[in-house]
Amino acid sequence: MRFGFLALLWLFVLASLRVIRSDLRTSGQPRIAVPPPARRRGKNESAPPRQAPGAPTQLVVTEGGLTGTRIGLTGAPVLIGRANDSTLVLEDDYASTRHARISMSDGLWVVEDLGSTNGTYLGQRKLDGPVPMEIGVPLRIGKTALELR
């Protein structure tokens with residue numbers, strides 16, 4: 001019984017060291033995914049969603065480690081989280097790997113929490129499903145705040 005407990009303890013220590021080592025390998029530079037190049041549409045494919053005049057064109061980080069970062073809104077979904085393939089990669093302990101998605105639906109930008117541990121807040125409201133975003137209303141993910149502009 002003692003040896004089993006000792007082996008389990010060592011497995012936990014080694015797993016913890018592996019996680020710490022992978023976190024130390026990431027650089028402190030913000031990582032923003034570059035959208036793929038536009039491709040030609042065939043006859044059967046629909047056009048990308050159109051934005052209404054006066055619609056937001058940027059997602060701006062207003063608080064947190066990436067303050068000042070701007071992401072152009074092209075109609076493609078914006079994935080936010082700690083994963084390297086996210087559109088906006090957060091170096092925030094309170095952000096999940098796949099935290100939230102901002103996408104266009106019926107001409108409006110909609111934010112959706114992707115089952116994050118600590119939740120996503122739009123203004124003072126905790127998201128429990130897809131919610132339309134408004135210009136200037138802060139979207140809070142951990143210590144990071146974003147706004148449509």
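Reply: A residue is called exposed when its relative accessible area is over 50%, and buried when that area is under 20%. The model is a predicted one.

Me: Is Asp106 buried or exposed?
Reply: Asp106 lies in the loop between β6 (100-105) and β7 (108-113). Its relative accessible area is 79%.

Me: What is the phi of Asp106?
Reply: Most residues other than glycine have a negative phi. Asp106 is not a glycine, yet its phi is positive, at about 55°.

Me: Which class does Glu147 fall into, buried or exposed?
Reply: Glu147 sits in strand β12. Among the residues it touches beyond four places in sequence are Gln58, Leu59 and Pro138. Its relative accessible area is 16%, so Glu147 is buried.

Me: Which side chain is joined to that of Glu147 by a polar contact of 3.4 Å?
Reply: Glu147 belongs to strand β12. The polar contact of 3.4 Å runs from its side chain to that of Arg149.

Me: Which element gives the most to the largest nonpolar core?
Reply: This core has 23 residues, and Ile102 is one of those that touch the most other members. Elements giving two or more residues include β2 (58-63), β4 (78-81) and β6. With three residues, the element that gives the most is β6.

Me: What is the area of the nonpolar surface patch that includes Trp10?
Reply: Trp10 is in helix α1 (residues 2-25). It counts as exposed because its relative accessibility is 53%. Together with residues including Phe3, Leu6 and Ile20, Trp10 makes a nonpolar surface patch of about 1,100 Å².

Methods:
Residues are numbered from 1 along each chain as its sequence is written. This is a predicted model: local features need pLDDT of at least 70, side-chain atom pairs count only at pLDDT 80 or more; totals for chains, interfaces and linings use all residues. Side-chain values use heavy atoms; hydrogens and water are left out. Patches are made of residues with over 30% relative accessible area and no salt bridge: like charges are joined within 9 Å, nonpolar side chains (Val, Leu, Ile, Met, Phe, Trp, Tyr) within 5 Å. Accessible areas come from the Shrake-Rupley method with a 1.4 Å probe; for residues, only the protein chains shown count as cover. A salt bridge is a side-chain nitrogen of Lys or Arg within 4 Å of a carboxyl oxygen of Asp or Glu. Helices (H or I, at least four residues) and strands (E, at least two) are DSSP runs, numbered from the N terminus. Buried means under 20% relative accessible area, exposed over 50%, partly exposed in between (1.4 Å probe, protein chains only). A nonpolar core is a set of buried Ala, Val, Leu, Ile, Met, Phe, Trp, Tyr and Cys residues joined through side-chain atoms within 4.5 Å. Contact means heavy atoms within 4.5 Å. A polar contact is a pair of N or O atoms within 3.5 Å; within protein, one must be able to donate a hydrogen and the other to accept it, and residues adjacent in sequence count only if both atoms are side-chain atoms.
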